[in-house]
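Here's a quick briefing to read with the model open in your viewer. Have a look at the structure below, then go through the notes topic by topic.

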Amino acid sequence: MTHNFSSLVLVFLLFVASSYAIKGVELDAICKKTKNPTFCLNLLNSKPGGVAGANFVDLAQYVLDVTRANITTTTKLIKRLIRRNPNDLEARDHYTLCLKQFHKGALNKVQSTQEILKSRDYQDLNVAASGIRTHINLCIDGESPSDTPYHDTSLLPTYADAISQVIEIIIIISNVLYK
């Protein structure tokens, strides 16, 4: 009798785990909603251990971890750009603003977004992830709609765009989790 009960529990646990696991079709559906589905699929499929057996919360956490790493790398780039442009006041002001937006704004928002994910408040997850993107846009576009964006020929706009694409994935996953 104990053997049958153990088998039944095991089957139940496998059923529950597989019902929350992400299927390839769901991954495609998420990525088709992004501006760059190939980027999305490459990112999600790069998850250590793969996406098989992962659930949406696991994926959201992975994407947030990628966001944190990308923001940290971008912050290092911005610090180098500030050091390289000591006499160009316009460049220095722009990169100083970006450092504030990335290091203090976006990085802090990632931390709060991770806490919101842990609390399972998926509606606020969407809002918090959007807030990360806002900080990035403030760097690239300026703090006011009347600001003329700085003509930046460095890698910063490319890095910022990649982070925005990653955040787009978090926002889509948060919408799936909220439903």
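T34 counts as buried, with a relative accessibility of 8%; buried means under 20% relative accessible area, exposed over 50%, and partly exposed in between (1.4 Å probe, protein chains only). This is a predicted model, where local features need pLDDT of at least 70 and side-chain atom pairs count only at pLDDT 80 or more, while totals for chains, interfaces and linings use all residues. Residues are numbered from 1 along each chain as its sequence is written, and side-chain values use heavy atoms, with hydrogens and water left out.

**Around T34**

- You'll find T34 in the loop between α2 (24-32) and α3; helices (H or I, at least four residues) and strands (E, at least two) are DSSP runs, numbered from the N terminus.
- Leaving aside neighbours within four places in sequence, T34 is in contact with C40, E168, I169 and I172, where contact means heavy atoms within 4.5 Å.
- T34 and Q165 are 131 residues apart along the chain, yet their C-alpha atoms are separated by 7.8 Å.

- E168 sits in helix α7, which covers residues 156-178.
- Which residues does E168 touch, leaving aside its neighbours within four places in sequence? They are K33, T34, K35 and R133.
- E168 is buried but has no salt bridge, and R133, the nearest side chain of opposite charge, is 5.0 Å away.
- For the charge bookkeeping, Lys and Arg count as positive and Asp and Glu as negative, while His and the chain ends are not counted.
- A salt bridge here is a side-chain nitrogen of Lys or Arg within 4 Å of a carboxyl oxygen of Asp or Glu.
- I171 also lies in helix α7, and at 14% relative accessibility I171 counts as buried.
- Not counting residues up to four places away in sequence, I171 touches N126, A129, S130 and R133.

**Disulfides**

- How many disulfides are there? The count comes to 2, taking a disulfide as a pair of cysteine sulfur atoms within 2.5 Å.
- Counting bonded cysteines along the chain, the pattern is 1-2, 3-4.
- C31 and C40 form one of these links, with their sulfur atoms 2.1 Å apart.
- The C31 and C40 link is left-handed, at -65° about the S-S bond, and both cysteines are buried.
- C98 is joined to C139 by a disulfide with an S to S distance of 2.0 Å, and that link is right-handed, at 90° about the S-S bond.
- C98 lies in helix α5 (residues 89-119) and C139 in helix α6 (residues 122-141), so this pair ties together parts that are 41 residues apart in sequence.
- C98 and C139 are buried too.

**The salt bridge**

- Searching the whole structure turns up 1 salt bridge: the side chains of E143 and K100 meet at 3.5 Å, N to O.
- The pair links distant parts of the chain, with E143 in the loop between α6 and α7 and K100 in helix α5, 43 residues apart.

**The aromatic pair**

- The structure holds 1 aromatic pair: Y95 and Y150 sit edge-to-face, 5.9 Å centre to centre and with 75° between the planes.
- Rings of Phe, Tyr and Trp (its six-membered ring) pair if their centres lie within 6.5 Å; planes under 30 degrees apart count as stacked, over 60 as edge-to-face and the rest as tilted.
- Y95 is in helix α5 and Y150 in the loop between α6 and α7, so the pair links distant parts of the chain, 55 residues apart.
- Y95 is buried, with a relative accessible area of 4%.
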